[in-house]
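I opened the notebook with the sequence and the coordinates side by side, meaning to look up charge pairs, then strand pairing, then the annotated span.

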Amino acid sequence: VEEESGQELGLDRSTPKDFHFYHMDLHDSEDRLQLFPEENTRMRKEVVQAEMANESRGAGDGKAQRDLQEEVDELVHLYGLEDDHELRDEFVDENMPRTGVSEYPPYVMKRRDPAREQRDWRPSGETAEAEDLGFGGWGSAGQCQDLREAYRYTHGRASEEYECYVIPEEEDEEEAADVFCVTCKTPIRAFQKVFDEHKEHEVIPLNEALESAKDEIHKNMYKLEKQIIQMENFANHLEEVFITVEENFGKQEQNFESHYNEILETLAQKYEEKIQALGEKKKEKLEALYGQLVSCGENLDTCKELMETIEEMCHEEKVDFIKLGKFLKAKTDVEISAQPEFEDQTLDFSDVEQLMGSINTIPAPSAPVINPQAPNSATGSSVRVCWSLYSDDTVESYQLSYRPVQDSSPGKDQAAFTVTVKETYCSVTNLVPNTQYEFWVTAHNRAGPSPSSEHAVYMTAPSPPIIKTKEIRSCEEAVLICWESGNLNPVDSYTVELTQAESPEASGVTESVVGIPTCESLVQLQPGRSYIICVRALNTGGPSVRSEPATVHTIGSYFRLNKDTCHPWLIISEDGLTVVRSERRIPARELSSSDTRFTRCVAVMGNLIPVRGHHYWEVEVDEHLDYTVGVAFEDVTKQEDLGANCLSWCMRHTFASSRHRYEFLHNRTTPDIRITVPPKKIGILLDYENSKLSFFNVDLSQHLYTFSCQLHEFVHPCFSLETPGCLKVHNGISMPKHVTFY
């Protein structure tokens, strides 16, 4: 407003070089002057008056002093300095003009230049003539300087180098807390622990307190979620009870209304019957009375005639009078019934009373209909049974009976268990896993029980299977899992669930194999991983809980020695990886031939996973021990030595007189190979893809020999001890680099 007023009046006066006046301080917004429109109008009037006073030049010192006083008052009022009386007095007393000529022309508000405002932070000598706002003609340079310094004093500190105002530093905000007082449950600053009332209190880092608070919040949220679930279940139960009560009362209302209508119909029928009967009785009685009246008239006429005849005869002779005596002996029926007979009309309301009494009598409900078992409605020890009922029956409770089914037929001699509920469903607990139960239900009210429903057979879920950890076999690409059912009755199928052990933070199952009919499964996996495996059993009732987990690794080939093929002279360790031959022997006559157990060759086979590809394992041997290691088909003859037929490929070592002899036998043939350094650990590589079997000296990374085999079936590792000693198998290991070249 002031800028526009300055342009309209053409007040483009020159300003003193040493005097710069800012129309606003750094604390206020640029719109401060727009808040005082009355002051701006008054300022314009003062400008006009100052110009007129400047033209006259004849005013005295008193007028100049008054003008100065008014201008200072305007300045003080404009910038909110009314309360600083000392500063205002200082403006007036110390800056009095020393001359009689007015040296204070009206101030000029120049238009602001944004480009110059960006460069106003420069030394005062360079920007004296480039200020946006200023006063011109305000006395001498010293007086203007004093006024400027006074303004700076009230609004802040002035910089000596730059023509700008420094905002007074406000009181610093309170420092952020960096520790947490456990005693007071509040965040504090570290120095308060030393000097303040928190000196004896326990403090912890703020981050730790934050994490603890988060954990507490999560725990409370978890508890709250559980309570919410319980409340929801309770609310659902109340809702079911509410629906049941509403249905029962609705049925009673319908029953009462039907009985009421039946009573009204019966009373109306009784009324019509009684009215009709009374009309017939009335007609009958009136007709009888009319007949009696007619008969009475006839008798009166007869009596009159008789009286006349008697009177005439009285005047006759004696003989005639005697005749009259005979006439008098004749009987005349002149009896008249003056009181008609009326029967007492009593009303029989016994049937109505029976109906009235039946209003408060509820009929017995009809037989409920039990539903067939729903999928996944059972656990290993419980089952959920549901049934339905006709809508017009009133039921106060249900009685559910059950008993186990024996020999695939409903048992008749077994004692039944009974459960009383008010809903149309019931969860029966404490049952035997993987067992069939027959259920039937009856409905009850005040009138009595309903007929029994049809019997329905439900089945509980199976028990969890038991994984045979000692029979698990694996390689880099697959794993063969074996388990026991754990149930007396057969189940429908099994499900294998796998979770990668490297990512425990990942919740849930990463892979599942469903519909397995037998108690073993070959699962394809990724190499170089560890997996946690669980098994579930399934039947019509639902799945069992998970079995105890087993951990498998797809790092190399892992197998154990098969005790079913072990020669009686050998002992297998608990871990199934070490075979020992002791000095004590069983007489040969006690050994019986077998198709699965070695009897002549003191050997044992390993259970290698039936997966084609590469399999590598190592055998730790004693260089002074006679042993044989290699592979053989499962149906190899158990009464012959290893390598003596076309079904086995072996490396044989014999030690005699400090000499080592190595043979690579297949069908009783061996190449002529000399091994100078007896191996202490033998590496064996079975390559199904190239049909090769290779042997290595592990310690020297030395290749010993390679068979070219015809592997039309899967083979198994085999180990033989000709003298007392032991062999230790190392498997589940990665294949060495030197092995990959063969």
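Which side chain meets that of Arg446 in a salt bridge? I looked this up in what is a predicted model, and found that the partner is Glu396, with an N to O distance of 3.6 Å. I then placed both residues: Arg446 sits in the loop between strand E11 (436-445) and strand E12 (448-449), while Glu396 sits in the loop between E7 and strand E8 (397-404), so the pair ties together parts that are 50 residues apart in sequence. When I searched the whole structure for salt bridges, the total came to 7.

I found an open sheet of 3 strands in the order E6-E7-E10, paired in the antiparallel sense. Its edge strands are E6 (369-370) and E10 (425-428), each of which pairs on one side only. Between E6 and E7 (residues 383-388) I noted 2 bridges, again antiparallel, and for Ile370 I recorded Trp387 in E7 as the bridge partner.

What lies between E28 and E29? I found 2 residues there, and Ser657 in the turn has a positive phi of about 55°. Strand E28 (residues 648-656) and strand E29 (residues 659-665) run antiparallel and are joined by 7 bridges. Within this pairing I noted Arg652, which stands opposite Glu663 in E29.

Where does Glu308 lie? I found Glu308 in helix H9, which covers residues 206-313. Glu308 also belongs to a surface patch of negative charge, in which I listed Glu298, Asp301, Glu305, Glu311 and Glu312 as well. I then checked the UniProt record, an unreviewed entry, whose annotation "coiled-coil region" covers residues 261-288. In the model I found that span to be 100% helix and 0% strand, with its end C-alpha atoms 41 Å apart.

Conventions:
Residues are numbered from 1 along each chain as its sequence is written. This is a predicted model: local features need pLDDT of at least 70, side-chain atom pairs count only at pLDDT 80 or more; totals for chains, interfaces and linings use all residues. Side-chain values use heavy atoms; hydrogens and water are left out. UniProt positions are given in the numbering used here, feature names are shortened, and annotations may be inferred rather than shown by experiment. Helices (H or I, at least four residues) and strands (E, at least two) are DSSP runs, numbered from the N terminus. Patches are made of residues with over 30% relative accessible area and no salt bridge: like charges are joined within 9 Å, nonpolar side chains (Val, Leu, Ile, Met, Phe, Trp, Tyr) within 5 Å. Accessible areas come from the Shrake-Rupley method with a 1.4 Å probe; for residues, only the protein chains shown count as cover. A salt bridge is a side-chain nitrogen of Lys or Arg within 4 Å of a carboxyl oxygen of Asp or Glu. Lys and Arg count as positive and Asp and Glu as negative; His and the chain ends are not counted. The place of a charge is taken as NZ of Lys, CZ of Arg, CG of Asp or CD of Glu. Two strands pair if DSSP finds at least two bridges between them.
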